[in-house]
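Hi everyone, thanks for coming. Let me put the structure up, and then we can walk through it together.

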Amino acid sequence: MERLLVAGAIVVVVAVVALVARARRATDAPTQARAAFPQQVDRRDFSDHDVPWLVVVFSSATCDACSTVVDKANVLVAPEVAVIEVQFPNDRELHERYSIGAVPTLIVVDSDGITRAAFRGPMTATDLWAAVAEVREPGSTPASEFGCAKDHG
């Protein structure tokens, strides 16, 4: 009988400790929205920063899809458009500075360093080229969403 009383007391103590611990547990903070893409960049962080438009592809040496995105972006090279690949881990500092958490991430940046279009993940060449055309000359494409950020990943 004595063992039964000791076991019962232990169960009560454990239950009280569990209730106190549960009451003291901090509630998780609500999830905070983060910008999916850098909203603005310092153009001096990139080579060819003096051209009117930068297409920056954040990539990784271990990313198969990244090379396809870089190839699609390189077609855009022109006197007014520079394409810059920022490859992880070689350019780790820029990935960290702009909070790049997934690759490929592509941003189209104007002369003030403001992101005007962005993609995460592989995209079609048509979508990419139309987005660049739309931000350079608004109204030049049949669909207005080409200038909007897209997450394809």
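Let's begin with Ser 60, which lies in strand β1; helices (H or I, at least four residues) and strands (E, at least two) are DSSP runs, numbered from the N terminus. Before going on, a word on the source: this is a predicted model, where local features need pLDDT of at least 70, side-chain atom pairs count only at pLDDT 80 or more, and totals for chains, interfaces and linings use all residues. Residues are numbered from 1 along each chain as its sequence is written, and side-chain values use heavy atoms, with hydrogens and water left out.

So, is Ser 60 buried or exposed? Ser 60 counts as buried, at 12% relative accessibility. Here buried means under 20% relative accessible area, exposed over 50%, and partly exposed in between, with a 1.4 Å probe and protein chains only. Leaving aside residues up to four places away in sequence, Ser 60 touches Cys 66, Gln 87, Phe 88 and Val 103, where contact means heavy atoms within 4.5 Å.

Now for the inside. A nonpolar core is a set of buried Ala, Val, Leu, Ile, Met, Phe, Trp, Tyr and Cys residues joined through side-chain atoms within 4.5 Å. The largest one has 18 residues, and Ala 73 is among those with the most contacts inside it. At least two residues of this core come from each of β1, α2, β2, β3, β4 and α4. Which element gives the largest share? That is α4, with four residues. As for Ala 73, not counting residues up to four places away in sequence, Ala 73 touches Val 55, Val 57, Val 83, Leu 106 and Leu 128.

On to charges. The structure holds five salt bridges, each a side-chain nitrogen of Lys or Arg within 4 Å of a carboxyl oxygen of Asp or Glu. Arg 97 pairs with Asp 42, with the closest N and O atoms 4.0 Å apart. Asp 45 sits in the loop between α1 and β1, 52 residues from Arg 97.

Elsewhere, Arg 116 and Asp 110 meet in a salt bridge of 2.7 Å, N to O. Asp 110 is buried at 7% relative accessible area, while Arg 116 is partly exposed at 39%.
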